[in-house]
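I opened the model and kept notes as I went. The entries follow in the order of my look-ups.

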Amino acid sequence: MNLINRQINMYEKITPIGNIVDKKEKQKKITAYLEQLKDELAEFISECEEDGELEEKIDTLTEALDALEDAYEIISECE
């Protein structure tokens with residue numbers, strides 16, 4: 001699968017959360033979405049590494065993945 005198709009596939013899986021009013025429900029949706037996004041980004045990074053694509057950008061993508069993991073942990077711990 002080429003790079004553009006992988007990106008489109010990743011974005012098609014985004015879950016809208018804008019209409020959720022309840023804080024706990026929104027927190028659950030956001031953490032679920034972040035978990036899904038982390039998995040997709042990790043897979044995307046692995047595929048890019050295997051294909052030799054985006055070699056100069058892999059570090060930046062890995063930092064973005066780390067930031068998603070941090071955000072997931074922080075939001076999961078909110079009460």
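Leaving aside neighbours within four places in sequence, which residues is threonine 31 in contact with? I found Tyr72, Ile75 and Ser76. Contact here means heavy atoms within 4.5 Å.

Ground rules next. This is a predicted model, where local features need pLDDT of at least 70, side-chain atom pairs count only at pLDDT 80 or more, and totals for chains, interfaces and linings use all residues. Residues are numbered from 1 along each chain as its sequence is written, and side-chain values use heavy atoms, with hydrogens and water left out.

Entry: confidence. I read pLDDT as the predictor's confidence in each residue, from 0 to 100. The chain averages 81, and 72% of its residues reach 70 or more.

Entry: layout. I counted three helices and zero strands. The order from the N terminus is α-α-α. Helices (H or I, at least four residues) and strands (E, at least two) are DSSP runs, numbered from the N terminus. Among contacts between residues at least 6 apart in sequence, 61% join residues at least 24 apart.

Entry: surface. The chain exposes about 5700 Å², and carbon and sulfur atoms supply 51% of that area. Areas come from the Shrake-Rupley method with a 1.4 Å probe; for residues, only the protein chains shown count as cover. Of the 79 residues, 19% count as buried. The classes are buried (under 20% relative accessible area), exposed (over 50%) and partly exposed (in between), with a 1.4 Å probe and protein chains only.

Entry: helix 2. I checked its length. Helix 2 has 29 residues and reaches 41 Å from its first C-alpha to its last, close to the 42 Å expected at 1.5 Å a residue. The expected span is 1.5 Å times one less than the number of residues. Which of its residues are buried? My list is Gln27, Thr31, Leu34, Lys38, Glu40, Leu41, Phe44, Ile45 and Cys48.

I then took two of these in turn. Threonine 31 lies in helix 2. It counts as buried because its relative accessibility is 13%. Cysteine 48 belongs to helix 2 as well. Its relative accessibility is 0%, so cysteine 48 counts as buried. Its C-alpha is 8.0 Å from that of isoleucine 58, ten residues away along the chain.

Entry: rings. Where does the charged end of lysine 38 sit? I found it over the ring of tyrosine 72, 4.3 Å from the ring centre. The test asks for NZ of Lys or CZ of Arg within 6 Å of the ring centre and within 35 degrees of the ring normal.

Entry: the loop after helix 2. Glycine 52 follows helix 2 and has a positive phi, near 75°. Leucine 54 lies in the loop between helix 2 and helix 3. Its phi is also positive, near 55°, in a residue other than glycine. Most residues other than glycine have a negative phi. Is leucine 54 buried or partly exposed? Leucine 54 counts as partly exposed because its relative accessibility is 23%.

Lysine 57 is in the loop between helix 2 (23–51) and helix 3 (58–77). With a relative accessible area of 45%, lysine 57 is partly exposed. Lysine 57 and isoleucine 45 are twelve residues apart in sequence, and their C-alpha atoms are 9.6 Å apart.

Entry: the end of helix 3. Glutamate 77 is found in helix 3. Why is glutamate 77 classed as exposed? Its relative accessible area is 61%. Between the C-alpha atoms of glutamate 77 and glutamine 27 I noted 9.8 Å, with 50 residues separating them along the chain.
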